[in-house]
Amino acid sequence: MMFTAVFMVGPFLYAVYLSFTNRKLLSPLPTRWVGFENYIDVLTSSDFWAALKNNFVFSVVTVPLQTGLALALAVLVNQKLRGSTFFRTTYFIPITFSLSAASIIWSVLLNPSGLFNTVLEIVTFGQFTPDWLNDPRYTMAAVIIVSIWASVGFQMVILLAALQGVSQDLYQAASVDGANAWEKFRHVTLPGIRHQLFFTLTVTIVLSFRLFDQVYILPPKPGGPIDATNTIMVEMIQASGNNQIGKASSIAVLFFLIVLFLTIFFRRFEPKDY
Amino acid sequence: MRNSQVKKPKRLAVTALVLALVASACSSGSTAEGTSGGQTTAADSGDDTSELVNSDIETCDGKIDKDVTIALAAHSGDDAYAQTVDDFNAGPGKELGVTVELVNLGEESYEDFITGAAASNSLPEIIDMDGPFLYNFAWNGFVQPLGNCVSQEKVDEFLPSVIGQGTYEGELYSLGSFDSGMGLWAKKSDLEKVDARIPESSADAWSAEEFTTILKDLETSGVSAPLDIQWSYGAGEFRPYAFASIVQSGGGDLIDRDGYQTADGFLNSQGAVDALTTFQSWVNDGLVDLEAIDDNNFINEDASFSWVGHWKYNDYKEALGEDLILVPLPDFGAGSKTGMGSWNWAMSSAVEDPDAVWAFIDFATQAEQVKSIAAFEGAVPSLLSVLEEDPSFSPGGDRYLYVRNLQASPEVAVPRPQTAAYGFIRNEYSDVFADIVGGADVEETLNQAVENIDADIESNEGYRPAE
Amino acid sequence: MTSIKSAKAQARRKSVTAYVLLASFAAFFLTPVIIMVVGSFKSDERVLADQKSLEAFSPTPFEGLENYQQASETGNFFTSLQVSLIVSFMIVIGGLVVNSFCGYALARLRFRGQRLLLGLFVALIIVPFEALLVPLLLMMSEIGWTDTIRAQFLPFIAQPLYIFLFYSFFKGLPGELEEAAMIDGAGPFTTFRKIIFPLARPAYASAGILTFLYSWGQFLWPVMIARSEEVRPLPLGLTFFRGTPPVQWADLLAYATAMVLPVLIVFVIFQRQFVQGVSNAGLKG
C-alpha cells in the first residue's frame with residue numbers, strides 16, 4: 001500500500017500539479033505557476049494532433065483486425081483436429097518476444113528487399129513492393145503488421161479459453177434445430193464468449209493508445225519518417241527529453257483523460273448477463 | 001562546506017553579469033583599434049578575447065592554499081588522457097601539491113552525469129565537456145569563468161574558434177586541447193574524370209549549382225550516389241554539427257545570434273529554405289547515399305565525396321593515399337561555412353581552490369600535451385604554434401583547409417549557438433534535417449521548427465542568465 | 001450410403017481447408033522466428049542479400065557463434081542481461097509478495113476504510129503507468145536515482161491490477177480452512193504459507209507470468225531513465241546496439257535471439273501454465 005501511494009497516487013497528483021507549471025528537469029529559474037499555458041501549447045500544436053490522429057488510425061485499424069484474427073485463430077485451433085496444440089503453440093510464440101526484439105526482426109523482413117516484399121512481389125506480380133519503413137505512406141501499415149504479429153496470440157488464448165467454456169449441449173441443441181455452421185457461430189458461440197470478447201476489445205483499445213515501442217524502433221527516427229508514426233507517447237518522451245517537464249506532464253494528463261474517457265465510454269456497451 | 005560551494009557561483013555570476021555589461025559597453029567603442037592587433041584573420045573574435053582577459057573576475061588568487069586532490073571528469077580514459085594526468089601528477093602537480101584523479105565517464109551519458117552530479121552537489125572539479133554543453137552548464141551555474149586565471153598571452157596562442165566556443169555571455173569558460181575539422185573529402189581521380197575545378201579554399205568553394213552539376217556528372221559517369229553524408233551516425237550531435245552549415249551558407253542560421261531570442265527569420269529565412277531545398281533535391285535525385293551501413297562507404301564503396309569530420313582522415317589516407325583531397329563544403333549563396341568545436345576543459349563551480357584546477361588546465365593546453373592529445377584524437381591541435389610545426393596542417397598539407405577555416409572563425413567555421421537554448425535547438429534541427437532528407441516540405445518543416453524553438457525559449461524566459 | 005460418403009468427403013474437404021488455413025497462419029507467425037535464428041548464424045551481408053530467395057532460411061555461410069560474440073562484445077549483451085534479470089526478478093518476486101499480501105489483507109482483514117481502499121485500487125487499475133512516468137522521472141532525478149537499476153523496478157512492484165486479481169481470488173476461497181488452521185494454533189503467516197499459498201498457486205502463476213513478460217519487455221521507462229551502459233536492460237541495449245554504426249543485421253539478430261530464447265524455452269516447457277495464466281487474466285476481467 002505504501003508502494004501504491006508512493007508510486008501511483010503521488011505521481012499522478014504530482015503530474016496534474018506539474019502540468020500547470022513551467023517546471024524543467026534542469027534550470028536555474030524558479031518554477032512558476034503558468035495556468036493552462038502548457039495545455040494551450042500542446043492543444044494548439046499540429047504535432048500533438050498529428051500524433052493523436054496516428055493513435056486513432058492505429059486503433060481503428062488494429063483493434064478490429066487483431067480481434068477478428070484472434071477469434072478466427074481461436075476457432076480454427078479449437079476444432080478437434082490433429083496437431084491443433086502445435087498450431088496453438090505456434091501462434092502464441094510471438095508473445096514471448098519483447099516488442100523491441102520483434103521490431104528488429106521485422107526491420108529485416110520489411111526492408112525494401114526483405115522477405116516480406118519478396119513474397120508480395122510474387123503475390124502481386126511485382127506490382128506492390130513499397131519501402132515500408134522509409135515511405136511515410138506505408139510506415140503505419142508496417143507498424144500495424146508488427147503489432148498484430150506480436151500480440152494477437154494474447155487475445156487468441158483468452159478467446160480460446162472462452163470458446164472451450166461454451167457448453168457443447170448448446171451446439172447440439174442448435175444442430176437439432178437445423179442450424180448451419182454460421183448460425184451456430186452467430187447464435188451460440190458469440191453470445192457464449194461475449195464477456196471475453198468485450199474484455200479483449202477494450203484492452204486492445206487502451207493498449208493502442210499506449211503505442212510506443214514499435215514506432216520508436218522500426219522507423220528511421222522515433223515516430224518517423226516525418227511524422228507518419230508519431231504518437232502521444234512519443235510526443236511525451238520528446239517533451240521530457242527536451243527538459244520540458246511541465247509540458248510533458250500536461251501530455252500525460254491528456255493521455256490519461258483519453259484513456260479514462262475510452263474506458264468509461266466502452267463500459268456502456270459491456271454485455272449484461274442474461 | 002556545501003553551502004559555500006553553492007553560494008560561490010551565485011556571487012560570481014552576479015559579478016560576471018555586471019562586468020560583462022561594462023565590458024561590452026567598452027568594447028563597442030574599441031572595435032576599430034582591436035582589429036589591427038589580431039594575429040588571426042578573424043578580427044572580431046580576436047577583439048572579443050581582449051575583453052575577456054580585461055575582465056576582473058578574480059577566479060584565481062595566484063596561490064595554491066594547501067595540498068589538494070581534484071577530480072577530472074573526462075570523456076575518455078584512453079592513453080593520451082591518462083598520460084596527461086600522470087605527467088601532471090608527476091611534474092607540476094607534485095611541485096604544487098595538486099593531484100588529479102581521472103574519472104572516465106565516456107561520451108554517451110556525459111551530459112546526464114554532470115547534471116546528476118550538480119543535482120546532488122557532487123560536481124567534479126574539472127569538467128571536460130563537448131563544446132556546446134558549455135552554454136547550458138554555464139547558464140545553470142555548473143561551471144565558472146576562467147577570469148583572471150588565464151592571461152591574454154595564453155589566449156592569443158589558441159585558434160580563434162576554440163576561444164569562440166569557450167565563450168558564453170562575454171566570459172571565457174573553457175579551453176580545448178584540440179578543435180575539430182569539418183569538410184568534404186573527395187577522390188581527386190573522380191573529380192578529374194568529370195573535369196571538375198578543384199577549389200583550394202573556402203573563398204573559391206563550389207557554388208551549390210556547380211556542385212549539383214559535379215554530382216550529376218559523376219552519376220552519369222557510373223558512380224551511384226556519389227555523396228556520402230554519414231547517415232548511419234543517426235540522430236544526435238553530428239547532424240547539427242555537420243549540416244547546420246547548409247543553413248548558414250544559405251544566409252540563415254539556427255537562431256538570431258543577437259540576443260538569442262528567436263529563430264524566426266533565420267532558420268526559416270528564404271536563404272535557409274533554398275539551401276535545404278537544394279540539398280533535398282540531391283537526395284531526391286539519388287545523388288546522396290543514405291544506405292551506407294557505416295562511415296566507410298567512401299573507401300569501401302564507390303562514393304566520390306564524404307561529408308564528415310576530421311576523425312576519418314587516417315582511415316581515408318591509408319586507403320586512398322595521394323588520391324585523397326580535402327575540399328570546402330559547397331557555397332549555398334552566403335559563402336562556404338563549416339561546423340567546428342569539440343571537447344574542452346572547464347572549471348566547475350564546486351571548486352575550492354581555482355588555482356589548483358587552473359594549474360591542470362594550463363598544463364593540458366601546453367604544446368606537448370596538445371600535440372599528444374590532438375594526435376590521439378586525430379583532431380586539429382588548438383595551439384597555433386603546434387599547427388605551424390605539423391606539415392599536414394601547414395600550407396600544402398592534407399588538412400591545411402581545416403586550419404584556414406578555423407582561423408576564419410566565426411566567418412567560415414561557425415561555432416554552435418552560444419546559448420543555453422542550444423540543447424533544444426540541437427534536437428529540433430536534428431529532427432528537422434531528417435524530415436527534410438526524408439522528403440518533407442522544407443518551408444513548412446522549418447516554420448514548425450522555428451515555432452517550437454521560439455516556444456521553448458519563451459518557456460525558459462529567454463534563457464537569460466539567472467541572477 | 002452415398003449421403004454418408006459425401007458427408008465424409010465434405011468433412012475431409014473442410015478439414016483440408018482448415019489445415020491450409022492453420023498452416024498459412026503458422027507460416028506467418030513462425031517465419032520471423034526462423035529468420036531471426038537462421039540470420040543470427042550468417043554473415044552480416046548475407047542477411048539482407050538472401051532475403052530474395054529461399055536461402056533466407058538456410059544458415060549459410062555458417063558463421064558459428066561469431067555474431068553472438070559480437071553481440072556480447074560490441075553490444076554488451078551480458079551487462080544488459082544482468083540488468084534485465086535483476087529488474088525482472090525484483091518486479092516478479094517483489095510484485096507477487098506485495099500484491100498478494102495486499103490482496104489478502106483486503107479480502108480477509110477487517111479495518112477502517114477498507115472499502116474505500118478497495119475502491120481506490122479498482123479505480124487505479126485504469127490509471128496507465130505511462131501517465132505517471134514524467135513525474136516519476138522528476139522525482140527520481142531529485143533524489144539522484146536516474147541512471148540506476150533500482151529506479152527501474154521499484155515503481156513497478158505494486159500493481160493495482162494484480163492486487164485486485166489476488167483480492168478476488170482470496171475472496172472466493174472459503175474462510176473455513178483458515179479458521180480451522182487458526183484453531184490448530186497456526187499464526188497468520190503460517191496459515192498463509194501452509195493453506196492459502198498452495199491453493200492460490202494458479203493466481204500466482206498467472207500474475208507471475210504476466211508481470212514477467214511485461215518487465216522483460218519494458219522499454220518506455222528505460223528510454224527515459226537509463227543512459228549508461230551498465231544500467232541498460234536488454235530492449236534498450238538492443239536499440240543502442242542498432243544505433244552504433246555499422247549496423248550489422250546478423251549481430252542484431254544474434255542479440256535478439258539470445259534475448260528471446262530463454263523466454264521461449266521456458267515457454268515451451270511450461271506451455272500449459274503460460275496459456276492458463278494468460279487466459280485466467282481474461283476470465284477475471
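Two residues are said to be in contact if their C-beta atoms, placed from the backbone, lie within 7 Å. The legends below describe a predicted model, in which local features need pLDDT of at least 70, side-chain atom pairs count only at pLDDT 80 or more, and totals for chains, interfaces and linings use all residues. Residues are numbered from 1 along each chain as its sequence is written, while chains are lettered from A and ligands numbered from 1 in the order in which they are written.

**Figure 1. The fold and extent of chain C.** Of the contacts in chain C with a separation of 6 or more, 75% are between residues 24 or more positions apart. Chain C contains 15 helices and zero strands; helices (H or I, at least four residues) and strands (E, at least two) are DSSP runs, numbered from the N terminus. The radius of gyration of chain C, taken over C-alpha atoms, is 25 Å, well over the 19 Å that the globule rule gives for 285 residues, so chain C is more spread out than a compact globule. That rule is 2.2 Å times the number of residues to the power 0.38. The C-alpha trace of chain C spans about 80 × 70 × 35 Å along its principal axes.

**Figure 2. The two domains of chain C.** Domain 1 (2-68) and domain 2 (75-244) are given by the domain assignment of chain C, the bounds coming from an automatic or database assignment. Over C-alpha atoms, the centres of these two domains of chain C are 37 Å apart.

**Figure 3. The largest nonpolar core.** A nonpolar core is a set of buried Ala, Val, Leu, Ile, Met, Phe, Trp, Tyr and Cys residues joined through C-beta atoms within 7 Å. A residue is buried if 20 or more other C-beta atoms lie within 10 Å of its own, exposed if 12 or fewer, and partly exposed in between, with C-beta atoms placed from the backbone. The largest such core has 145 residues, and those with the most contacts inside it are Ile105(A), Leu159(A), Met236(A), Tyr255(C) and Ala256(C). Helix H7 (residues 139-165) of chain A supplies the largest share of this core, 16 residues. Because domain 1 (2-68) and domain 2 (75-244) of chain C both give residues to this core, it lies between them. Beyond its neighbours within four places in sequence, Ala256(C) touches Ala101(A), Ile104(A), Ile105(A), Met36(C) and Leu238(C).

Figure 4. In the view of chains A and C, each chain gives 65 residues to the contact. The side of chain A that touches chain C has 47 nonpolar, 16 polar and two charged residues. Here Ala, Val, Leu, Ile, Met, Phe, Trp, Tyr, Cys and Pro count as nonpolar, Asp, Glu, Lys and Arg as charged, and the others, Gly among them, as polar. In the view of chains B and C, ten residues of chain C and twelve residues of chain B take part. On the side of chain C that touches chain B, three residues are nonpolar, five polar and two charged.

**Figure 5. The domains of chain B and the confidence of its model.** Chain B is divided into domain 1 (2-180 + 340-407) and domain 2 (182-339 + 421-463). Contacts join 16 residues of domain 1 of chain B to 19 residues of domain 2 of chain B. The mean pLDDT of chain B is 86, pLDDT being the predictor's confidence in each residue, from 0 to 100.
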